[in-house]
Amino acid sequence: MIAAILQVVLVVAGAPLLVGLMRQVRARLEGRAGAGVLQPWRDLRKLLRKEPIAPRGTGWVFRLAPLLLAASALVVTAVVPLVTTASPLDGVADLFAVTALLALGSVALALGALDTGTAFGGMGASREVTVLALVEPTILLAVFALSVRVGSTNLGAIVNSTLDDPLAVISPASVLAAVALAVVIIAETGRIPVDNPSTHLELTMIHEAMVLEYSGPDLALIEWASAIRLSVLLGLLGSLFAPWGIAGADAGPVALLVAVVALAVKVGVLGALLAAGEVFMAKLRLFRIPELLAGSFLMALLAVGASFFLA
């Protein structure tokens, strides 16, 4: 129980710092000083002090969307094995349940954008659902390829299996699944080359188009939940393919401390690599994104085939 609580607190508090770290890495590589790692927390504090304003004509769907997005992100944070594989919620840490929770948050935000009745809201929701329809099946297939050798879709069981047999991560199925999962994590979190979180151009916006009408605490909740989803997905990628350091059952204080440090290092390194890659990549044109996601889906499908025939 202590490890599970520690995991949630670490992700909730550290997610904005990850965003700050990624912005700082990009700034340094672009020759700028940057605003500092703590800037996302300063932005959240500023937004929380403002008065929430809802567009005229919006209803409960618009107001409920940020809450659902944040709630689903918190539940995913609690069930995904990041610090420990012996969480009390391990029984519900199923691949299909986690994917459904991620989809629930995205759909809630898309419905909130549609409720505004604006052109940007409808455009962003349409694009988000298109990406979602290609991303979620790929996540399912990529992780399912890893679950074949385990005989279970429980994420904790998959991580424990990799801990017992570390060489399994260099199999063809694992390599294909890792590449497919990395691509869809970039798409799911709205990063370059699929989306650009720092732009508000009509031709390029996906996620930002859906949140244009939010302000104050509602916008703070969306930004915070988005940072949590990014942290959890990068942490899940690290847990599935580099699970070293994760605490098991009956872990003592030292093991938990090692697990916390290991998670922070893995997520920080993956975030820094992602930010560094964004400096050297341009955003894809919108009609090219389905081609990229279809390629990742094909790799996930090949990973499933390899897990059966090349195991």
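Predicted model: local features only at pLDDT ≥ 70, side-chain atom pairs only at ≥ 80, totals over all residues.
Q: Which residues of α1 and α9 make the contact?
A: On the α1 side they include Val 11, Val 12, Ala 15 and Met 22. From α9, Trp 224, Ile 228 and Leu 234 are among them.

Q: And how many of those are nonpolar, polar or charged?
A: The contact of α1 with α9 has 13 nonpolar residues, one polar and no charged.

Q: Switching to rings: how many aromatic pairs are there?
A: The count is one aromatic pair. Phe 62 and Tyr 214 have ring centres 4.1 Å apart and planes at 0°, so the pair is stacked.

Q: Where do Phe 62 and Tyr 214 lie?
A: Phe 62 is in helix α3 (residues 60-79) and Tyr 214 in the loop between α8 and α9 (216-241), so the pair ties together parts 152 residues apart in sequence.

Q: Buried or exposed, Phe 62 and Tyr 214?
A: Phe 62 is buried, and Tyr 214 is too.

Q: What about Val 261, where is that found?
A: Val 261 is in helix α10 (residues 253-279). Val 261 is partly exposed, at 46% relative accessible area.

Q: Last one: which residues does a cis peptide bond join?
A: Ile 192 and Pro 193, with omega about 15°. Pro 193 lies in the loop between α7 (172-188) and α8 (207-210).

How values were computed: Residues numbered from 1 in each chain as written. Heavy atoms only, no water. Helix = DSSP H or I, 4+ residues; strand = E, 2+ residues; numbered from the N terminus. Phe/Tyr/Trp six-rings, centres within 6.5 Å; stacked < 30°, edge-to-face > 60°. Buried < 20%, exposed > 50% of the residue type's maximum accessible area, 1.4 Å probe, protein only. Contact = heavy atoms within 4.5 Å. Nonpolar A, V, L, I, M, F, W, Y, C, P; charged D, E, K, R; others polar.
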